[in-house]
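Let's take a friendly walk through a protein model. Keep the picture beside you as you read.

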Amino acid sequence: ANSRIKVEVRNAAGVDGLAARTTAYLRRRGFDVVEVGNAARQDTSRVLVRSGTALDARHVAQALGLGPGAVLTGGPTNDYALDVTVTLGTDFPAVAPFDPDPSD
């Protein structure tokens, strides 16, 4: 079911390679990551509903080890092609792909 969720990953922590590493992590879990890039710096990692559903965002957040408070449900936005945006903040060491003892 994860393969139908189209995700973009944005690095807002200013640390090289975060978005690429998270992309690989999510793809191994079956998500369709189709966009990768940078975003304006922010402290907290978030998962934002775009054209998908809050359930889509919760699936992505759960895969990243983020709690329900990390999900922002401003969408869905019908004119946005992707379901969910992941923005990695400076708290990224707490996100699953960067956990020093990953279950990966």
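What follows looks at the sheet, the helices, the salt bridges and one proline.

This is a predicted model, in which local features need pLDDT of at least 70 and side-chain atom pairs count only at pLDDT 80 or more, while totals for chains, interfaces and linings use all residues. Residues are numbered from 1 along each chain as its sequence is written, and side-chain values use heavy atoms, with hydrogens and water left out.

**The sheet**

Helices (H or I, at least four residues) and strands (E, at least two) are DSSP runs, numbered from the N terminus. In which order do the five strands of the open sheet lie? The order is E2-E1-E5-E3-E4, with mixed pairing. Here, two strands pair if DSSP finds at least two bridges between them. E2 and strand E4 (71–72) are the edge strands, since each pairs on one side only. Strand E3 (residues 46–49) and E5 run antiparallel and are joined by four bridges. Val47 has Val86 in E5 as its bridge partner. H2 packs on this sheet and touches E1, E3, E4 and E5. The direction of H2 makes about 160° with that of E3; such axes are lines fitted to C-alpha atoms, for helices over the stretch in contact, and angles run from 0 to 180 degrees between N-to-C directions.

**Helix H1 and its buried face**

A residue is called buried under 20% relative accessible area, exposed over 50%, and partly exposed in between (1.4 Å probe, protein chains only). In H1, the residues Leu18, Ala19, Thr22, Thr23, Tyr25 and Leu26 are buried. Seen down the helix axis, the buried residues of H1 fall within an arc of 165°, so they line one face of the helix. That arc is taken from the directions from the helix axis to the C-beta atoms.

What covers these residues? The cover includes E1, E2, H2 and E5. Take Thr23, which sits in helix H1 (residues 18–28) and has 4% relative accessibility. Leaving aside residues up to four places away in sequence, Thr23 touches Val9, Val33 and Val36, where contact means heavy atoms within 4.5 Å. After H1 comes Gly30, with a positive phi near 95°.

**Salt bridges**

How many salt bridges does a search of the whole structure find? There are three, each being a side-chain nitrogen of Lys or Arg within 4 Å of a carboxyl oxygen of Asp or Glu.

| Pair | N to O distance |
|---|---|
| Arg4 and Asp56 | 3.1 Å |
| Asp32 and Lys6 | 3.7 Å |
| Arg10 and Glu8 | 2.9 Å |

Arg4 is exposed at 52% relative accessibility, whereas Asp56 is buried at 2%.

Asp32 lies in strand E2 (residues 32–38) and Lys6 in strand E1, so their bridge ties together parts that are 26 residues apart in sequence. Asp32 is partly exposed at 27%, and Lys6 is partly exposed at 33%. Arg10 and Glu8, by contrast, are both buried.

**Pro97**

Finally, find Pro97 in the segment after strand E5 (84–88). Is Pro97 buried or exposed? Pro97 is buried, with a relative accessible area of 4%. Apart from residues up to four places away in sequence, Pro97 touches Arg21, Thr22, Tyr25 and Leu64. The C-alpha atoms of Pro97 and Arg21 are separated by 7.1 Å, although these residues are 76 residues apart along the chain.
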